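Have a look at the sequence and the structure below.

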Amino acid sequence: MGDSIFNCCYVPPHPPGEGEPAGSRRAKIMASNAANISFDKKRFLIFFDFDETIVDESSDDVVVQTAPGQHLPAWLKDTYQPGRYNEYMQRVLAYLSEKGVTESDIRGSMEKIPATPGMITLFQFLRTRPPQDFEVVLLSDSNAFFIESWLRRAGARQLFHRIFSNPATFNRDGRLVMRPFHSHDCMRCPNNLCKQVVVREYVARRTQERGRPYQRIFYVGDGANDFCPVLSLGPRDVAFPRRDFPMHRLITEIHEAMPGEFKAVTVPWSSGEEVVQRLRKLVAE
């Protein structure tokens, strides 16, 4: 895949404006350099899924509610094929556009999704930690527009250093066009995104840039596609599966079927406050 995944859906800081006084530009450059140094000193890396992890519903289900009658026609539902959900959602978005659903309609539907219990508390905890503590990354099979809409409304966008998701932008006709994130060879994952590939490549690249590994890596998720990335975690790392969701069930099954195969510590959660409690203990070690 090369370096392309590290640029996808990442909004870099704005450059200093043209025409600014030289002193102002120098101050901004110095501040930017200081931020980069701080960024490379982060002790911990934490990944978040989006749907049913950060937000308490599936954003794909929510956008369907903008359709006439708040449902899709049977002929469209019947086009879904296992492993090709991304392609199916591209057709859904095209249908919504044909029915007059606008960018404002879609953004509004995303902004109304409730956060999962305790998630805002978890965000506040991460935001108020010392700057050398957490590098925060979002990794989702939703899409960039849905995610950015919700995060900006919630005032949480600046918490995330990187967002990896399926690219999605509006074309001239006002249709939200979504594209697959990448291609891969993993047999566990849908054809448009293997989260383990992203986690492995991101950790490898950041370790090289930093010149040292993270003390611990954390992964907060819920779905079956969050199981694949946590298989790459080590014994000092922590998987936070949402309790009784597919990720939790798959981890439980592998513990039972192949003891010792799953390396990471497992901490199920029903509220983000449980994640906060465990993180408080781990960062103090």
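Which residues of α7 are buried? They are Ala-144, Phe-145, Phe-146, Ile-147, Glu-148, Ser-149, Trp-150 and Leu-151. Buried here means under 20% relative accessible area, exposed means over 50%, and partly exposed is in between, using a 1.4 Å probe and protein chains only. Helix α7 (residues 144-154) is largely enclosed by the rest of the structure, because 8 of its 11 residues are buried. At its N-terminal end, α7 is capped by Asn-143, which places a side-chain oxygen 3.0 Å from the backbone nitrogen of Phe-145. Such a polar contact is a pair of N or O atoms within 3.5 Å; within protein, one must be able to donate a hydrogen and the other to accept it, and residues adjacent in sequence count only if both atoms are side-chain atoms. After α7 comes Gly-155, with a positive phi near 70°.

A word on the model itself: it is predicted, so local features need pLDDT of at least 70 and side-chain atom pairs count only at pLDDT 80 or more, while totals for chains, interfaces and linings use all residues. Residues are numbered from 1 along each chain as its sequence is written, and side-chain values use heavy atoms, with hydrogens and water left out.

**The whole protein**

The protein has 11 helices and 8 strands. These are DSSP runs numbered from the N terminus: helices are H or I with at least four residues, and strands are E with at least two. Of the 285 residues, 47% are buried.

**Salt bridges**

A salt bridge is a side-chain nitrogen of Lys or Arg within 4 Å of a carboxyl oxygen of Asp or Glu.

| Pair | Closest N and O atoms |
|---|---|
| Glu-135 and Arg-206 | 3.0 Å |
| Lys-195 and Asp-226 | 2.8 Å |
| Glu-285 and Arg-216 | 2.5 Å |

Lys-195, in helix α8, pairs with Asp-226 in the loop between β6 (216-221) and α9, 31 residues apart. Lys-195 is buried at 1% relative accessibility, and Asp-226 is buried at 0%.

Is Glu-285 buried or exposed? Glu-285 counts as exposed, at 61% relative accessibility, whereas Arg-216 is buried at 9%. Glu-285 lies in the segment after α11 (272-283) and Arg-216 in strand β6, so this pair ties together parts that are 69 residues apart in sequence. Salt bridges with shared partners also join Glu-135, Arg-205, Arg-206 and Glu-209 into one network.

**A pocket**

The second largest pocket is lined by 24 residues, and nearest its centre lie Tyr-85, Asp-141, Gly-223, Ala-224 and Asn-225. A pocket is an open set of points on a 1 Å grid over the protein atoms alone, where a 1.4 Å probe fits, with protein on both sides within 12 Å along at least five of seven lines; lining residues have an atom within 4 Å of a point. Strand β2 gives the most to this lining, with 3 residues.
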